[in-house]
Amino acid sequence: MLVGTVPFGLVTGVAAIAAGLTPLQGVAISVLAFSGIAQLVAMQLIAVGSPMILTVAAATVVSLRLLMYSAALAPHLAHLDRRWRLLLSYLMTDQSFASTVRRYGEPGDRTHKHWHFLGSCSMLWITWQAAVVAGVVAGSGVPANWSLDFIVVLTFVALMVPVVRTRADLAAAIVAAVVSLATLGLPYRLALIAGSIAGIAAGLALEARHRRRAP
Amino acid sequence: MSTWLAIGAVGLVTFLLRASFIVFADPHRFPHGFRRALAFVPPSVLPAIVAPGLLLRGDTVDLSLANPRWIAGVIAIAVAARTRSTLATVLAGMAALWLLQWAMG
């Protein structure tokens, strides 16, 4: 789990400098957002001088899956007091969600499992922040003709491939890619939002058609 | 200053999305249709980021052999599908890009 975190964090730190953020800003967004995808998308928009509302909108769209995780974990954490729930919310990520759901599915006393959640999340937090700081430090010294900005795209490729599982996923992916290219003329990378919404609509439409055909 | 405001707002939004149901709302009131739409967020958002990153040269879409990025991207997609490894994908894609750039002079 932590093996993939280090290169992703390093790249995110390098990308912060490439996007024109100061080292302090690069670390600050990492501590506040604690999400590689949200950080990278926000930094790309900050780099092109996008209005704040659009930067936040794009970061929200790419972070909507966190809403899904929150709904799935809420019943398991309902017995904890508010301070615990605030802390665990802040620390929740794709990786910790996956391992925590598995752990809560195991038999045993539920009342102490939040300590495991805290432990695994804290390890991930420390690893991630250390990798980002290392990337921020290295990023200031990397020459532009190394094309390191391409690492960001490749990181998204690595995230993208495993989430396309069904035919409806593939339809969503293709429509999103085509629409994001067709709307490139829009300012402030609105193509990202346009492509995402078109992809979601295509996925839902194909899924609905399959359901109607099924006996 | 505006950069700091954007950083703060992005931090707040990601926190509120995480805390939404754990701290504030009842997940039983989560509409089913919305849940189905959310399942398509990752396979839609990521290609919408990746496609321009691979195909854009300057301001225009370039699908010719003179654009090394999409060729390196196809290699990276193949490596990602086989290995599921972020590190292997990034290393293969960067190696391909550097080789193609060097070959094209």
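# Reading a two-chain model

Modeller: Let's start with chain B: from the N terminus on, its elements run α-α-α-β-β-α-α, which makes five helices and two strands. Helices (H or I, at least four residues) and strands (E, at least two) are DSSP runs, numbered from the N terminus. Residues are numbered from 1 along each chain as its sequence is written, while chains are lettered from A and ligands numbered from 1 in the order in which they are written. Also, this is a predicted model, where local features need pLDDT of at least 70, side-chain atom pairs count only at pLDDT 80 or more, and totals for chains, interfaces and linings use all residues.

Colleague: How spread out is chain B against the globule rule?

Modeller: The radius of gyration is taken over C-alpha atoms, and the globule rule is 2.2 Å times the number of residues to the power 0.38. For the 105 residues of chain B the rule gives 13 Å, but the radius of gyration is 20 Å, well over that, so chain B is more spread out than a compact globule. Its C-alpha atoms fill a box of roughly 60 × 40 × 25 Å along the principal axes.

Colleague: What share of chain B is buried?

Modeller: A residue is buried if 20 or more other C-beta atoms lie within 10 Å of its own, exposed if 12 or fewer, and partly exposed in between, with C-beta atoms placed from the backbone. Buried residues make up 42% of the 105 in chain B. Take Pro52(B), found in helix α3 of chain B: Pro52(B) counts as buried because 20 other C-beta atoms lie within 10 Å.

Colleague: And which residues is Pro52(B) in contact with?

Modeller: Two residues are in contact if their C-beta atoms, placed from the backbone, lie within 7 Å. Setting aside neighbours within four places in sequence, Pro52(B) is in contact with Ser180(A), Leu181(A), Leu184(A) and Ala191(A).

Colleague: How many residues does each chain give to the contact between them?

Modeller: Chain A gives 70 residues and chain B gives 55. On the chain A side, helix α9 (residues 149-163) has the largest share, with 13 residues. That side divides into 51 nonpolar, 15 polar and four charged residues. Here Ala, Val, Leu, Ile, Met, Phe, Trp, Tyr, Cys and Pro count as nonpolar, Asp, Glu, Lys and Arg as charged, and the others, Gly among them, as polar.

Colleague: How is chain A divided into domains?

Modeller: Domain bounds come from an automatic or database domain assignment. In chain A, that gives domain 1 (1-147) and domain 2 (164-215), with C-alpha centres 25 Å apart. Their contact takes nine residues from domain 1 and six from domain 2. On the domain 1 side, α4(A) gives the largest share, four residues.

Colleague: Which residues touch the most other members of the largest nonpolar core?

Modeller: In general, nonpolar side chains tend to be buried together in soluble globular proteins. A nonpolar core is a set of buried Ala, Val, Leu, Ile, Met, Phe, Trp, Tyr and Cys residues joined through C-beta atoms within 7 Å. The largest one has 97 residues, and Ala42(A), Val157(A) and Val10(B) touch the most other members. The largest share of this core, 11 residues, comes from α9(A). Both domains of chain A give residues to this core, so it lies between them.

Colleague: What is Val10(B) in contact with, beyond its neighbours within four places in sequence?

Modeller: Its contacts include Ala42(A), Thr55(A), Val56(A) and Ala59(A). Thr55(A), Val56(A) and Ala59(A) are among the buried residues of α4(A). What covers the buried residues of α4(A) includes α3 and α11 (190-213) of chain A, together with α1 (2-24) and α3 (41-55) of chain B.
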